[in-house]
Amino acid sequence: MHSQVYHSHEIQAWEARWFKQQNSSFGLMQQVAWSIAQRLEVVFSFQNTIQRIAIWCGSGNNAGDGYCLAKYLQDLGYRVTVFAAERGQSADLAKAFHLAQTHDVNIQAHFNIENTFDCHIDALFGIGLNRDLDVTWQEIIQNFNAQSGLKIAIDVPSGLNANTGQPLPTAVKADFTYSVLGLKVGLFTGQGKEFSGKVELISAIPTDEQLKNIAQLSSTHIVLPQRQAFGHKGSYGHVLVVGGHAEMGGAVMMAAESAFRAGAGKVTIVCDAKHHTAILARSPNIMLRDINALTDAEMDRLIEHVDTVSLGMGLGRDDWAKQQFLKWFPKIHQASHLQIVLDADALWFLAEDPIKLNAHTYLTPHPGEAAKLLNCSVNQIEADRVTAIERLQEKYAGQWVLKGAGSLILDDQLWICTAGNAGMGTGGMGDVLAGMIASLKAQFCQNIHLHQIVTLHALAGDYLAGKGQRGVQAHHMPDAVYYVVNDCRQSPIENEVNHHNEIFKMIR
């Protein structure tokens, strides 16, 4: 089952409906804190050196969670100190403070914290923060981040916009975030991934019919069907890769190799003939055509005999490239049998002459290309990635991937990819993705979803970065693609154990 992701306003309205039914708001605060205490005891069991815990409390109800958590962790035998701002007027906050105070929790009314704690817990701000923090709060959060030890955030890392993943302008960098009631979209996309660490849901009340999600997390458990014994190369689709300007041959090569390694039966590259020798030297199974020599009739015959077309990799943006785009795009757009991938320079030319696309067209811009397509700045794209991808589909139709940390995928609904790593921020990764989309759509058509292909690509990147993210190269991705499409990955339990172990290696 896919995990639902929400806008903060939906969470707040859901919570209000729960309280309107005469459910105790302070009782919910206690329940949340108790659940987090139980989760933390499991986390702490991976490392028996955590004894001294600092809980940083602000002035709102998020601080109330912190005060209750302080009491429960102290009951479990940990030495807890609360560092607190001046409290607000909330009745629940007053009850939580009283709970901690009457159970002899050490509460300090300042944030002058010496670096002597094994764990720091952020209960400074909650879900509703949507303004830039003043200088005093920025300094407090910077002090939090400067501490050694394990970092925990309650609900949302303080300073992070829960809906966009943007810091305001700084935010707590947590190893774990315990997202209360529902998962927030800003924890998973844009800069949010940098600050939220491992996200776990604290599900404390039942959902109701009025609660509407904004997105779903794409599952990382993807198993492709086994091949039938009587299959042949014609059974697994024919991918056509079109691009390859005279000065840019690598992109089509990586797309085509990835298409083969993802399982396509046949792959043809149409590019400048000067790249043919290099392509055949690397991959003699790839069929080749000279993009400058094809007649209209030959183009039509080629399009008729393929299942998917990936257009734009290494095409360029000069007059020659524009002429090629204007030759190829109308033909493939009108071919009803084709699944079409538009990437890289094809997106540039589409932005110059926008049209409505077919539902079986898949577009994969990075933020810079998205900004060109929407005639805005990259900063505007990154400031609200969800709105950006919705605007792209509204303007052009089709199905979309907005690449980046926490890639967003929009078909009939919004998906978020949680796999992938910073090492994938290198030239050619998008070409690999374009080849994978073309390949898997050629094989399975509507029986595989775009968000699943994006996730497989991200998992291949994670496999490639297994020994380190720095220096990962896109031309090594095809072997990793082969690995993930054959379901050779670790089980979820193995991944969980390894994730905890890696965190504790970092904080030792």
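Visitor: Where is Asp-431 found in this predicted model?
Guide: Asp-431 is found in helix H15, which covers residues 429–444. The model is a predicted one.

Visitor: Why is Asp-431 called buried?
Guide: Its relative accessibility is 12%. Buried means under 20%, so Asp-431 counts as buried.

Visitor: Which residues does Asp-431 touch?
Guide: Leaving out residues up to four places away in sequence, Asp-431 touches Ala-251, Met-254, Ala-255, Met-313 and Asp-343.

Visitor: Which residues make the contact between H7 and H15?
Guide: On H7 they are Ala-251, Met-254, Ala-255, Ser-258 and Ala-259. On H15 they are Asp-431, Val-432, Gly-435, Met-436 and Ser-439.

Visitor: Which residues does UniProt list for "binding site"?
Guide: The UniProt entry, which is unreviewed, lists Ala-251, Gly-314, His-366 and Asp-431.

Visitor: Is Gly-314 buried or exposed, and how do you know?
Guide: Gly-314 has 10% relative accessibility. The cut-off for buried is under 20%, so Gly-314 counts as buried. Gly-314 lies in the loop between strand S14 (308–311) and helix H10 (319–334).

Visitor: What does Gly-314 touch?
Guide: Gly-314 touches Gly-243, Gly-244, His-245, Met-248, Ala-251 and Asp-345, with residues up to four places away in sequence not counted. Ala-251 is also touched by Asp-431.

Visitor: What makes H9 oblique to H10?
Guide: The axes of H9 (residues 296–304) and H10 cross at roughly 40 degrees and come within 11 Å. Roughly parallel needs an angle under 35 degrees, and roughly perpendicular needs 65 to 115. That leaves H9 oblique to H10. The contact is made by Asp-296, Met-299, Asp-300, Leu-302 and Ile-303 of H9, and by Lys-327, Trp-328, Lys-331 and Ile-332 of H10. H9 passes H10 in a right-handed crossing.

Visitor: What pLDDT does the protein average, and where is the pLDDT below 50?
Guide: The average is 94, and 95% of the residues score at least 70. Over residues 489–497 the pLDDT is below 50. That stretch has 10 contacts in the model beyond near neighbours in sequence.

How values were computed: Residues numbered from 1 in each chain as written. Predicted model: local features only at pLDDT ≥ 70, side-chain atom pairs only at ≥ 80, totals over all residues. Heavy atoms only, no water. pLDDT = per-residue confidence, 0-100. Contact = heavy atoms within 4.5 Å. UniProt positions renumbered as here; feature names shortened; annotations may be inferred. Helix = DSSP H or I, 4+ residues; strand = E, 2+ residues; numbered from the N terminus. Buried < 20%, exposed > 50% of the residue type's maximum accessible area, 1.4 Å probe, protein only. Axes fitted to C-alpha atoms, helices over the stretch in contact; angles between N-to-C directions. Parallel < 35°, antiparallel > 145°, perpendicular 65-115°, else oblique. Left-handed = near helix turned anticlockwise from the far one by under 90°.
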